[in-house]
Amino acid sequence: LVPYTAMSDDALIPKDNTEYQKQTYWEWRYQQDKGTYEWFRGWEALRHILVKYIPNTSRLLNLGCGNSAITEDMYDELGATMDIENIDFSPACIDSMAERNKEKRPSMKWVVMDIMDLKYEDASFDIVLDKGTMDAIMCEKGDVWNVSEELAAKIDTMLTEVSRVLKPGGKYIYITFGQPHFRKPLMLKDKYNWTFQQETIGECFHYFIYILTKREN
């Protein structure tokens, strides 16, 4: 794998943010880091919002799970009545997370999978959770107001897959620092067949939680 050149303040941060789009970067990162890292806050900070939208009987798909503890904490609090499946395209990540959860949370699933090609049937999940995964895909150089055609196509592929695997009435919950005027044009297409809600946390620096609910028809 590529030996990434890192900034001096954190040996795991790539010098070029476009590396966040690449499977090779994440595989390298998770070979080094066997701990926990939370992008865009963890369960404690997000709990008061997420419990409003995630029933404890949900079948939940966690996109690009990384080594975040959010679904572990969710499982511990809401109970084993939830069916939680975590996916990531890094085998090193999935192997590490499966190992650390096999005894305490044996019913949780950890699967190597590309979010652009979800290996699930239509209408399989009540909740699809995305904590920063679409943000990683969007790390490209250029005008943030006008994303490239290539990037727009990637986002469309991802969101089409998310919409496909959601049950009618199911929710895609996207946690990001991307402001609504940057994200809504990408997320709100008729083809996805969902409605939009927004929650916000933070004071000086805000994080946004977008809740896209699949229409029943």
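Author: Helix α4 (residues 91–101) gives the most to the lining of the largest cavity, with three residues. This is a predicted model, in which local features need pLDDT of at least 70 and side-chain atom pairs count only at pLDDT 80 or more, while totals for chains, interfaces and linings use all residues. Residues are numbered from 1 along each chain as its sequence is written, and side-chain values use heavy atoms, with hydrogens and water left out.

Reader: How is a cavity found, and which residues line the largest cavity?

Author: Rolling a probe the size of a water molecule over the atoms shows where empty space is left. On a 1 Å grid over the protein atoms alone, a cavity is a set of points where a 1.4 Å probe fits but cannot get out, and lining residues have an atom within 4 Å of a point. Grid points are joined across faces, edges and corners, and a volume is the space filled by probe spheres set on the points. Here the search of the whole structure finds one cavity of 30 Å³ or more, and about 30 Å³ of space lies in the largest cavity. Its lining consists of Tyr30, Asp33, Lys34, Gly35, Asn67, Ala92, Cys93 and Ser96. By class, three of these are nonpolar, three polar and two charged; Ala, Val, Leu, Ile, Met, Phe, Trp, Tyr, Cys and Pro count as nonpolar, Asp, Glu, Lys and Arg as charged, and the others, Gly among them, as polar.

Reader: At what angle do the axes of helix α1 and α4 cross?

Author: Two packed helices are described by the angle between their axes and the distance between the axes. Axes are lines fitted to C-alpha atoms, for helices over the stretch in contact, and angles run from 0 to 180 degrees between N-to-C directions. Helices (H or I, at least four residues) and strands (E, at least two) are DSSP runs, numbered from the N terminus. The axes of α1 (residues 23–32) and α4 cross at roughly 35 degrees and come within 7 Å. In contact (heavy atoms within 4.5 Å) are Gln23, Glu27, Tyr30 and Gln31 of α1 with Pro91, Ala92 and Cys93 of α4. By class, that contact has four nonpolar, two polar and one charged residues.

Reader: Which residues of α1 are buried?

Author: Buried means under 20% relative accessible area, with a 1.4 Å probe and protein chains only. In α1 the buried residues are Tyr25, Trp26, Glu27, Trp28, Arg29 and Tyr30, and they pack against α4 and α5.

Reader: In what order do the strands of the sheet lie?

Author: Strands of a sheet pair through backbone hydrogen bonds, either parallel or antiparallel. Two strands pair if DSSP finds at least two bridges between them. Seven strands form an open, mixed sheet in the order β3-β2-β1-β4-β5-β7-β6. Its edge strands, each pairing on one side only, are β3 (109–112) and β6 (194–201).

Reader: How many bridges join β1 to β2, and how many join β6 to β7?

Author: Four bridges join β1 (residues 59–63) to β2 (residues 83–88), and these strands run parallel; Leu61 stands opposite Glu85 in β2. Eight bridges join β6 to β7, which run antiparallel, and Phe196 has Leu212 in β7 as its bridge partner. The β6 and β7 strands form a hairpin with five residues between them, where Gly202 in the turn has a positive phi of about 105 degrees.

Technical notes. 1 Å grid on protein atoms, 1.4 Å probe; cavity = no way out; pocket = protein on both sides within 12 Å on 5 of 7 lines; lining within 4 Å. Buried < 20%, exposed > 50% of the residue type's maximum accessible area, 1.4 Å probe, protein only.
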